[in-house]
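Please go through this model helix by helix, then turn to the DNA. The notes below follow that order.

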Amino acid sequence: MSLRMFLKKVIDCCGVVEWWPSTDPFEISIQAILTQNTSWKNVLKATENLRSGGLMSPKSLFESDIGEIEKAIRPSGFYRVKAKRIKSFVSFLFDKLEGRIENLKNYPLKAARNMLLSVEGIGKETADTILLFALDFPIMVVDAYTRRVLSRAGFDIPRDYDSLRELIEKNSPRRDSRTFKLLHSGFDELAKRYCKKTSPKCSLCPLSSLCKGSVRREHS
DNA sequence: ACCCAGGTGGCCC
DNA sequence: GGGCCACATGGG
């Protein structure tokens, strides 16, 4: 099956329109940092701690002690590095965007992306997550699930993040934010339900070509 | 007692 | 450009 056809199936089978639980662009951005190599349940605990502590705002995070942030986000793991990253992010907001992540929408996609990538602790996936899910820019978000599903389906995918992102964007049925959200959520839901790391067999998988035959080597 | 989870940066070659 | 490592909590 062609990649183009496969992507259509991912969207039709498993794509979710409102996949990211939060709607506030700032909160989505913070969660994008918190979820780095971390299960979503732990992110929700940290999110709730920040909310209840009155810390889920650019101003309060900018003004609060790093230790206070560490304490609140502890359940999400890597809490020391992530507290620093959150500090860097809010400093960036006040330095470049008058404290509002929404102001990044005043820039072209590429410029906005480069600005995010200049922040300590924001790499390509986190930057693209903020661009797509918080700000509605049309860009694909590639993650470990995306790679696993495509590898298991037998596609020979590039290691390089941007090469894979562009390959998916090129073969996407559309290049708008809605389609990329459906694609990303589709990959993630598919991986969670049918394509676990430790179980090569996924008999319930709705995509016929997935897990057909032997499992190939995965490029994580 | 393992392995895994919605990555990133630093260091090395 | 890759390969390896630390970062750390909570669940299976």
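## H2 against H8

Helix H2 (25-34) and helix H8 (124-134) pack at an angle of about 155 degrees, their axes 9 Å apart. Helices here are DSSP runs of H or I with at least four residues, numbered from the N terminus. Axes are lines fitted to C-alpha atoms, for helices over the stretch in contact, and angles run from 0 to 180 degrees between N-to-C directions. H2 and H8 are therefore roughly antiparallel. The cut-offs are these: under 35 degrees is roughly parallel, over 145 roughly antiparallel, 65 to 115 roughly perpendicular, and the rest oblique. The crossing of H2 and H8 is right-handed. A crossing is left-handed if the near helix is turned anticlockwise from the far one by less than a right angle, and right-handed if clockwise.

H2 contributes Pro25, Ile28, Ser29, Ala32 and Ile33 to the contact, and H8 contributes Thr126, Thr129, Ile130, Phe133 and Ala134. Contact requires C-beta atoms, placed from the backbone, within 7 Å. The contact of H2 with H8 has 7 nonpolar, 3 polar and no charged residues. Ala, Val, Leu, Ile, Met, Phe, Trp, Tyr, Cys and Pro count as nonpolar; Asp, Glu, Lys and Arg as charged; the others, Gly among them, as polar.

## Model and numbering

This is a predicted model: local features need pLDDT of at least 70, side-chain atom pairs count only at pLDDT 80 or more, and totals for chains, interfaces and linings use all residues. Residues are numbered from 1 along each chain as its sequence is written, while chains are lettered from A and ligands numbered from 1 in the order in which they are written.

## H5 against H6

How do the axes of H5 and H6 cross? Helix H5 (residues 66-73) and H6 come within 9 Å, axis to axis, and cross at roughly 125 degrees. That makes H5 oblique to H6. The crossing is right-handed.

From H5, the residues in contact are Ile66, Ile69, Glu70 and Ile73; from H6, they are Tyr79, Arg80, Lys82, Ala83, Ile86 and Lys87. By class, the contact of H5 with H6 has 6 nonpolar, no polar and 4 charged residues.

## H9 against H11

The axes of H9 and H11 come within 8 Å and cross at roughly 70 degrees. The two helices are therefore roughly perpendicular. Their crossing is left-handed. Tyr145, Thr146, Arg148 and Val149 of H9 meet Phe187, Asp188, Leu190 and Ala191 of H11. The residues of this contact divide into 5 nonpolar, 1 polar and 2 charged.

In helix H9 (residues 144-152), Thr146, Arg147, Val149, Leu150 and Arg152 are buried. A residue is buried if 20 or more other C-beta atoms lie within 10 Å of its own, exposed if 12 or fewer, and partly exposed in between, with C-beta atoms placed from the backbone. The cover over the buried residues of H9 includes H11. Glycine 154 follows H9 and has a positive phi, near 100 degrees.

Alanine 191 sits in helix H11 (residues 177-194). Is alanine 191 buried or exposed? Alanine 191 is buried, because 21 other C-beta atoms lie within 10 Å. Leaving out residues up to four places away in sequence, alanine 191 touches Tyr145, Arg148 and Val149. Alanine 191 and arginine 148 are 43 residues apart in sequence, yet 7.4 Å apart in space, C-alpha to C-alpha.

## Positive phi in two loops

Asparagine 37 is not a glycine, but has a positive phi of about 50 degrees. Its place is the loop between H2 and H3. Asparagine 37 counts as exposed, with 7 C-beta neighbours inside 10 Å.

Phenylalanine 78 also has a positive phi, near 45 degrees. This residue lies in the loop between H5 and H6. Phenylalanine 78 counts as partly exposed, with 16 C-beta neighbours inside 10 Å.

## Surface near DNA strand B

Around DNA strand B are 23 residues, of which Gln36, Asn37, Trp40, Gly123 and Thr126 come nearest. A residue is near a strand if its C-beta atom, placed from the backbone, lies within 6 Å of it. H8, H9 and H11 each supply at least two residues of this surface. H8 gives the most, with 3 residues. The classes are 6 nonpolar, 10 polar and 7 charged.

## Surface near DNA strand C

H6 gives the most, with 3 residues. By class, the surface near DNA strand C has 4 nonpolar, 5 polar and 5 charged residues.

Note on methods:
Two residues are in contact if their C-beta atoms, placed from the backbone, lie within 7 Å.
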